[in-house]
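Biologist: I am new to this structure. Could you walk me through how to read it?
Modeller: Gladly. Let us take a look together.

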Amino acid sequence: MKVSILTTTYNRSEDIERLYTSLVVNDNSGVDFEWLIMDDGSTDRTKLIVENLIKQNIIDIQYHHQPNQGKMAALNNLMAYATGDVAVVCDSDDYFTVDAMNLIKKYSSKLLDDDTVYALAFLKQSEKGRISGNRFPEDNHRSDMFSLYFREGITGEKILVFKTEIRKRYHHELEGDEKFVTEARMYHKMDLDFDIIGINKVLEIGDYKADGYIKNKKEIYKKYPLGFYEYFREILELDLRGVTLKQRMYIYKHYILFANLSKQSHPIGKVQGLLNKLIVSVLWIPGKIKTKREFGATKKVKKDKSEVKNKKNNKGKKEKKTKEKKEKKQKKKEE
């Protein structure tokens, strides 16, 4: 069995060596793996650092570069190079546990020997050892990503180890010139044909960065609303039986939010299902008001008094010079 590790990176030169170290440690597991890196147009020392790591010739590293297109486009492009039986994404600011490859090998048969499973889902923890979200109800828990989060109450980030052959059939769908879309949009399409198996073991470690997605949700929502709109519109086309009331309200409210942010025409008419259409209609006006209040145009910043004063002085000087020029011109004519 071979593992393909996919890492997209943008100006994370200060973090990528830690991920490399965790892979070197895992090289003792006896598992064959390749580390595929897509540099998404970094302007720091990322290329130089990776080239130095390659020169050490300890693990199989393949470095690729593209103009900045965002993480999802980078993953789409990187998947083409994966040759492993299974594939797992590890962000450049995260890293693997010391037994990560052994864990993948231990549970790989549940993935590779079952044509109805597209991924194993492992846990992730913070630097301080705190599990992201909660655990699966039991080890070897069979479900799908949509059901886990919308029906079963699972929370937090999970690490998916994909069957490469299935993963290559799908891609992250980006709308227009947007550079981001939630991974869940692709997962939900995979859910329609396959299952996942939850494993209550930690595979990766990492904390959220100050400039990352979790810390900057509001700005990302404003910047990439169309992809989010399509994501929630597609959810409303799914069978929502068994979805908790709390999650249903989450879906409706976010559909309204992104319909407004992306300025959709006739968004209520695009909702599938009579009940869904009715609830969105009831929530539409309060949702629109809330969107405008939270995401509306920011007020113009008041100019500094000294800046205004300087502009007035400069204007006065220009007017004085113009007057002097006119007077000199008039004198010449009189002479």
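**Reading contacts, charges and cores**

Modeller: Start with one residue and its surroundings. This is a predicted model. Arg-142 touches Asp-114, Thr-116, Val-117, Asp-195, Ile-196 and Ile-197, leaving out residues up to four places away in sequence.

Biologist: Where is Arg-142 found?

Modeller: Arg-142 belongs to strand 7, residues 141-143.

Biologist: Is Arg-142 buried, exposed or partly exposed?

Modeller: Use the cut-offs: buried is under 20% relative accessible area, and exposed is over 50%. Arg-142 has 39% relative accessibility, so it counts as partly exposed.

Biologist: Which side chain does Arg-142 join in a polar contact?

Modeller: That of Thr-116, at 2.3 Å.

Biologist: Now charges. What should I look for?

Modeller: Side chains of opposite charge can pair when their charged atoms come close. Asp-114 and Arg-142 form such a salt bridge, with their closest N and O atoms 3.0 Å apart. Asp-114 lies in the loop between helix 4 (100-112) and strand 6, while Arg-142 is in strand 7, so this pair ties together parts 28 residues apart in sequence.

Biologist: How many salt bridges does a search of the whole structure find?

Modeller: The count is 18. One of them joins the side chains of Lys-124 and Asp-94, at 2.8 Å from N to O. Lys-124 sits in strand 6 (residues 117-125), and Asp-94 in the loop between strand 4 (86-89) and strand 5 (95-96), so the bridge ties together parts 30 residues apart in sequence.

Biologist: Are Lys-124 and Asp-94 buried or exposed?

Modeller: Lys-124 has a relative accessible area of 5%, so it is buried. Asp-94 is buried too, at 3% relative accessibility.

Biologist: Which residues are linked in a network of salt bridges?

Modeller: Glu-173, Glu-175, Arg-185, Lys-189 and Glu-234. Elsewhere, Arg-233 and Glu-237 meet through their side chains in a salt bridge of 2.7 Å. Glu-237 is partly exposed, with a relative accessible area of 44%.

Biologist: Next, the nonpolar core. Which residues touch the most other members of the largest one?

Modeller: Look for buried nonpolar residues joined through their side chains. The largest core has 36 residues, and Ile-5, Trp-35, Phe-96, Met-101 and Leu-203 touch the most other members. Helix 4 supplies the largest share, six residues. A second, separate core has 29 residues, including Met-72, Phe-180, Tyr-221 and Ile-251.

Biologist: What is Ile-5 in contact with?

Modeller: Beyond its neighbours within four places in sequence, its contacts include Leu-23, Trp-35, Val-88, Phe-96 and Met-101.

Biologist: How do I read strand pairing?

Modeller: Ask which strands are bridged, and in what sense. Strand 2 (residues 32-39) pairs with strand 3 (residues 60-65) in the parallel sense, over six bridges. Trp-35 stands opposite Ile-61 in strand 3. Between these strands the chain passes through helix 2 (residues 46-55), and this β-α-β crossover is right-handed.

Biologist: One last residue. Where is Asn-26 found?

Modeller: In helix 1, residues 16-26. At 1% relative accessibility, Asn-26 is buried.

Biologist: Which backbone nitrogens does the side chain of Asn-26 reach?

Modeller: That of Ala-100, at 3.2 Å. A polar atom of the Asn-26 side chain also lies 2.9 Å from the backbone nitrogen of Met-101.

Note on methods:
Residues numbered from 1 in each chain as written. Predicted model: local features only at pLDDT ≥ 70, side-chain atom pairs only at ≥ 80, totals over all residues. Heavy atoms only, no water. Helix = DSSP H or I, 4+ residues; strand = E, 2+ residues; numbered from the N terminus. Buried < 20%, exposed > 50% of the residue type's maximum accessible area, 1.4 Å probe, protein only. Contact = heavy atoms within 4.5 Å. Polar contact = N/O pair within 3.5 Å; in protein donor to acceptor, adjacent residues only side chain to side chain. Salt bridge = Lys/Arg side-chain N within 4 Å of Asp/Glu carboxyl O. Core = buried A, V, L, I, M, F, W, Y, C linked by side-chain atoms within 4.5 Å. Pairing = 2+ DSSP bridges. Right-handed = clockwise from strand over helix to strand, strands pointing away.
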